[in-house]
Amino acid sequence: MAFIRKRRLERDLYSKERFSLLLLNLEEYYFEQHTANHIINKGCKDERKFRGSLKICSKSIIFEPDDNIQPIIKIPLRDCVSIKAPEDNEASNPFTRDTSGGISVVCNQIFLIKERNIIAPYKTVRGRTEHLFQLDVAGKLGDVVQTLHQLYRASCLDKMGDQAAMITAILQSRLARTSFDKNRFQSISETLHMECKAEMVTPLVTNPGHVCVTDANLYFQPLNGYPKPVVQITLQNVRRIYKRRHGLMPVGLEVFCTENDLCSDIYLKFYNCQDRDELYFLIATYIENHITEHTAESYMLQWQRGHLSNYQYLLHLNNLADRSCNDLSQYPVFPWIIADYSSSVLDLTKPETFRDLSKPIGALNKERLDRLLARYQEMPEPKFMYGSHYSSPGYVLFYLVRVAPEYMLCLQNGKFDHADRMFNSLAETWKNCLDGATDFKELIPEFYENDSSFLVNSLKLDLGKRQGGKMVEDVELPPWASGPDDFLQKSQEALESQYVSEHLHEWIDIIFGYKQKGSEAVSAHNVFHPLTYEGGVDLNSIVDPNEKVALLTQILEFGQTPKQLFTIPHPRRIVPKLKSLSRTSSHSVSIAESPVSPNEESFEDLTEESITLAWNNIAKLKSDERYKIHKEAITGIAVTCNGSSVFTTSQDSTLKMFSKESKTIQRSVSFSNMALSSCLILPGDTTVISSSWDNHIYFYSIAFGRQQDVLMGHDDAVSKICWRDGRLYSASWDSTVKVWHCVPGETLSNKKHHFELLAELEHDVSVNTIDLNAANTMLASGTKEGTISVWDVPTATVLHQLPCHSGTVFDAAFSPDSRHLLSTGEDCCFKVIDVQTGMLISSVTAGEPQRCFKWDGNTILSGSQSGELLIWDILGGKVIERIKGHTGAVMSMWMNEQCNSVITGGEDKQIMFWKLQY
């Protein structure tokens with residue numbers, strides 16, 4: 001619970017101080033503080049003196065008494081009548097007698113805050129009053145009064161833009177006169193790399209100061225020394241760093257020392273993007289050696305494969321889309337999931353329990369949508385369907401007011417919202433989001449976390465009385481929740497349910513994806529005000545400072561649409577289907593009624609478990625034996641069902657049969673003087689097929705030890721062949737992949753095979769490799785120019801075509817579930833494609849080309865150019881293990897069905913046998 005946890009941490013660290021930056025107005029700065037006495041009714045019988053701290057801010061004077069019973073006094077500078085110190089010739093002035101270092105402030109209005117240390121709406125005291133502040137250090141009097149006069153003049157300017165410009169000039173002058181205190185370095189041996197001016201960003205407020213980065217640490221020193229003299233982050237602890245949009249400008253930087261937490265360690269806003277980019281480069285360069293930078297696509301792959309929960313995936317997407325718990329105008333957005341707030345039991349097996357995730361909130365109610373669309377049609381350009389956004393500072397604090405009341409008071413000028421407009425009930429809030437004319441808000445992460453305190457008025461806040469006379473207390477929960485913790489537990493279960501897993505990609509399309517902008521957004525009824533979108537307005541092009549301030553204020557209060565992460569449809573999650581005997585029905589369905597016999601199911605489960613076990617232990621692969629059996633590089637390996645005979649092809653033009661038992665070559669045949677490129681064994685272990693650079697495909701009878709047939713099917717070298725269900729698939733450098741129907745000849749009567757060309761898949765350049773999915777419905781091809789194509793086999797049409805690699809594609813293979821396609825190429829990269837959408841979702845760079853591989857969808861076993869076997873965690877994008885192997889490139893690889901035995905063939909003319917040693 002990032003927002004609340006961060007606030008509690010700050011409160012624990014600085015619990016003695018009632019003052020916080022939240023007492024300032026929005027866009028206000030806290031400059032300095034002075035120990036002082038506040039003197040009331042000076043010279044009278046009832047004169048009182050309160051000791052405390054005088055805070056000088058850009059739009060107000062704040063006095064915080066040491067006595068917690070007394071209220072904090074906030075004096076807006078715009079309401080001041082005079083601010084002065086005694087002059088030498090003012091004999092009658094009370095300061096000249098027994099008070100030195102005094103400042104007189106006469107004003108028409110003040111605010112009293114946190115009286116008796118109770119968080120409550122600010123009390124307004126109107127009428128002219130005089131306040132005398134006696135500084136402990138009288139020598140600072142002149143400077144303080146001069147500063148107050150400057151700030152007072154700024155507050156009296158009519159236009160907000162002029163005020164902001166003058167305050168900015170004062171701030172920049174102060175920053176220019178100071179620098180980072182190098183005595184704050186952790187070590188005298190640290191080397192300074194960069195120093196610049198910046199502001200530390202926390203929700204609703206920013207704090208100016210100096211940023212400093214050394215070879216070991218990142219520092220921020222606030223100009224005012226609040227809340228502590230220096231913030232220090234050890235670079236070695238940094239795990240993630242992101243460039244951020246802040247105030248629609250590319251000047252933000254957020255640094256995390258955790259992998260998964262939404263709450264960062266520091267958020268900085270710079271005064272120009274050059275400083276931001278330089279600091280980003282310095283930190284990113286430091287951490288790049290031991291930190292993997294994740295993209296939306298890499299997280300997508302982890303989510304699809306079940307390595308990230310729906311909650312974790314949404315957190316990562318929010319993070320990548322510039323959403324931050326430090327910026328309430330860009331707070332992380334989560335979906336409403338549950339649509340049932342009236343039943344006594346929440347049934348997560350019924351689709352009607354859930355909200356339609358394919359539509360934005362504004363489109364869920366057809367009657368309301370029809371009214372909005374009618375207005376949209378009549379609206380002049382620029383058109384928008386919704387006059388309010390689904391995420392804004394007001395909405396965030398609507399949900400969190402019970403744990404973050406001071407933020408609400410800051411946002412709403414010292415007031416809580418009207419009691420009937422508070423977050424009173426889940427059912428009421430959901431109904432209003434469905435029916436309300438201007439309410440289209442989504443949820444926040446806290447609804448799917450473990451801290452339910454935001455639903456409970458544990459601070460005993462006086463949030464007002466509703467029309468029926470009822471006080472605003474805890475949030476009213478639906479009947480199916482026994483309490484706040486149970487509500488969150490069931491909300492989490494709903495978010496991770498099968499229904500949501502099957503439909504969450506639809507909501508992602510709307511919020512982060514291709515339905516966010518353009519014609520797709522119009523079709524999806526997902527069009528908001530143009531100012532809410534990234535790039536909707538160029539602040540630098542606006543010359544008038546007043547127009548710029550007004551526009552920025554409007555945008556920040558209205559809310560901002562997340563940065564667009566995807567421009568094509570988001571893939572679905574891979575959701576395991578229930579077996580024929582589910583947990584709920586296994587006791588009521590007899591074995592006779594089951595379509596799968598117990599023995600078959602057990603065998604299937606055992607095979608699956610053994611494969612999973614093998615891949616979990618693939619790093620324990622050990623070299624068993626090696627044999628040099630060819631005169632050139634080995635290009636293909638095929639093994640008989642019983643594992644006794646190994647067939648290999650080589651660039652030396654020979655097909656060889658190696659007996660594992662006798663460890664000898666038993667057959668060696670040459671079909672031509674050209675290199676052979678691959679081989680496979682037909683079902684039944686009677687025939688070996690070899691592809692050749694001489695444009696032919698050769699059929700060799702194992703039983704009769706002779707060439708049985710030849711298919712002259714291409715106009716250039718045949719690079720790869722596959723066999724599935726009586727069909728031969730051949731790839732060639734003649735830019736085609738051909739699909740053949742083969743009717744085997746009667747070998748005893750010496751009849752030839754009959755070949756029928758079923759399809760020809762044409763490419764622009766030479767095809768180097770192919771693979772088929774498990775169902776034989778899709779074929780992947782990789783070319784010499786780096787293009788990957790996915791074909792629909794029944795219709796012989798291309799589904800997706802992507803320029804994945806720069807240079808030749810060496811190998812490509814579908815994952816066992818056919819959801820993803822992995823390829824490797826001359827450019828030293830692994831690329832993962834989502835087969836459903838054709839989206840490139842992951843790219844991992846290796847130090848050298850990987851020539852061939854096997855994978856289970858998560859882990860890769862690859863053969864490298866240098867001869868090593870490498871084991872990769874494709875989701876994490878890193879090498880788990882390196883195993884020494886060949887003395888040249890690993891050119892081919894075979895793996896048995898149980899995935900516990902591997903044979904590799906190398907450029908060093910050797911075959912190596914590998915075994916898993918559990």
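## Helix H12

Helix H12 has twelve residues, 484-495, and at 1.5 Å a residue it should span 16 Å; its end C-alpha atoms lie 17 Å apart, which agrees. The expected span is 1.5 Å times one less than the number of residues. Helices (H or I, at least four residues) and strands (E, at least two) are DSSP runs, numbered from the N terminus.

The buried residues of H12 are Asp486, Phe487, Leu488, Ser491, Gln492, Ala494 and Leu495. Buried means under 20% relative accessible area, exposed over 50%, and partly exposed in between (1.4 Å probe, protein chains only). Their cover includes helix H7 (310-320), helix H11 (426-435) and helix H13 (498-511).

## About the model

This is a predicted model, where local features need pLDDT of at least 70 and side-chain atom pairs count only at pLDDT 80 or more, while totals for chains, interfaces and linings use all residues. Residues are numbered from 1 along each chain as its sequence is written, and side-chain values use heavy atoms, leaving out hydrogens and water.

## Tyrosine 376

Look next at helix H8 (residues 366-378), where tyrosine 376 is found. Tyrosine 376 is buried, with a relative accessible area of 10%. Leaving aside neighbours within four places in sequence, tyrosine 376 is in contact (heavy atoms within 4.5 Å) with Lys383, Phe384, Met385 and Val522.

## A four-stranded sheet

Four strands form an open, antiparallel sheet in the order S32-S33-S34-S35. Strands S32 (809-814) and S35 (840-845) are the edges, each pairing on one side only. Two strands pair if DSSP finds at least two bridges between them.
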